Amino acid sequence: MTETITTPSRADQATLPADDLIAPLRTAVSAREVADAIRASGCAVSEIEQDGIVHLHSASQGLGFQVLWGNRAAADRFVDFTLSCPLRVQGGALPEGLTDEWHRARRFARLARHGEMLVLEMDVVVAGGVGPEYVGVALRLWMQMMGEYFVHLRNYRASETGAVSPAAVEPSLATAG
């Protein structure tokens, strides 16, 4: 016996209950959709409009982060964005190997040095199409990376220099480089 599988036409889809529809893939996201995903992940978010662009600021693990928009697909629709948590380095010096050790032990988010700023960054790309849960999963992963970032800074020990104390870095919402 042969089984035939058919996909409903667009006209048929309009009459199906919402639960029966296959959710369309997102190829771009708006500031509102990302803000809603941040809220759904358990964090408050501030939306600040400046020069016609909505900037998103939030916090997790006691550290502030921001959304930096990437490539624009349309008005207030972007195919990618970067989650960014910049910390200002007090005294300007961090132990040798701090960022290298992060990159050896972690995936998904990178540490970068921009002048006096040490920045945790994670790119989220929706170009090509992603499911509706993707942005929420990416944000939960980001929040996990932020927790690991703070622990990494607190517990890192260079060969002879001792630990980086939490006081050695201070949260900053300044855009890094």
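This is a predicted model: local features need pLDDT of at least 70, side-chain atom pairs count only at pLDDT 80 or more; totals for chains, interfaces and linings use all residues.
Residues are numbered from 1 along each chain as its sequence is written, and side-chain values use heavy atoms, with hydrogens and water left out.

The secondary structure of the protein chain comes to 4 helices and 11 strands; helices (H or I, at least four residues) and strands (E, at least two) are DSSP runs, numbered from the N terminus. Of the 177 residues in the protein chain, 38% are buried. Buried means under 20% relative accessible area, exposed over 50%, and partly exposed in between (1.4 Å probe, protein chains only). Contact means heavy atoms within 4.5 Å. Among contacts between residues at least 6 apart in sequence, 59% join residues at least 24 apart.

A nonpolar core is a set of buried Ala, Val, Leu, Ile, Met, Phe, Trp, Tyr and Cys residues joined through side-chain atoms within 4.5 Å. The largest such core has 41 residues, and those with the most contacts inside it are Ile38, Leu56, Phe81, Leu83, Leu120, Trp142 and Tyr149. Two or more residues come from each of α2 (31-40), β2 (53-60), β3 (63-69), β6 (80-89), α3, β8 (117-125) and α4 (134-155). The element that gives the most is α4, with 9 residues. Beyond its neighbours within four places in sequence, Leu83 is in contact with residues including Phe65, Val67, Leu120, Glu121 and Trp142.

Two packed helices are described by the angle between their axes and the distance between the axes. The axes of α3 and α4 come within 11 Å and cross at roughly 140°. This makes α3 oblique to α4. The contact is made by Leu98, Glu101 and Trp102 of α3 and by Met145, Glu148, Tyr149, His152 and Leu153 of α4.

Glu121 lies in strand β8 and counts as buried because its relative accessibility is 11%. Leaving aside neighbours within four places in sequence, the contacts of Glu121 include Thr82, Leu83, Phe108, Arg110 and Trp142. Arg107, by contrast, is exposed, with a relative accessible area of 63%, and is placed in the loop between α3 (98-105) and β7 (110-114). The C-alpha atoms of Arg107 and Met122 are separated by 9.7 Å, and the two residues are 15 apart along the chain.

Note on methods
Axes are lines fitted to C-alpha atoms, for helices over the stretch in contact, and angles run from 0 to 180 degrees between N-to-C directions. Angles under 35 degrees count as roughly parallel, over 145 as roughly antiparallel, 65 to 115 as roughly perpendicular and the rest as oblique.
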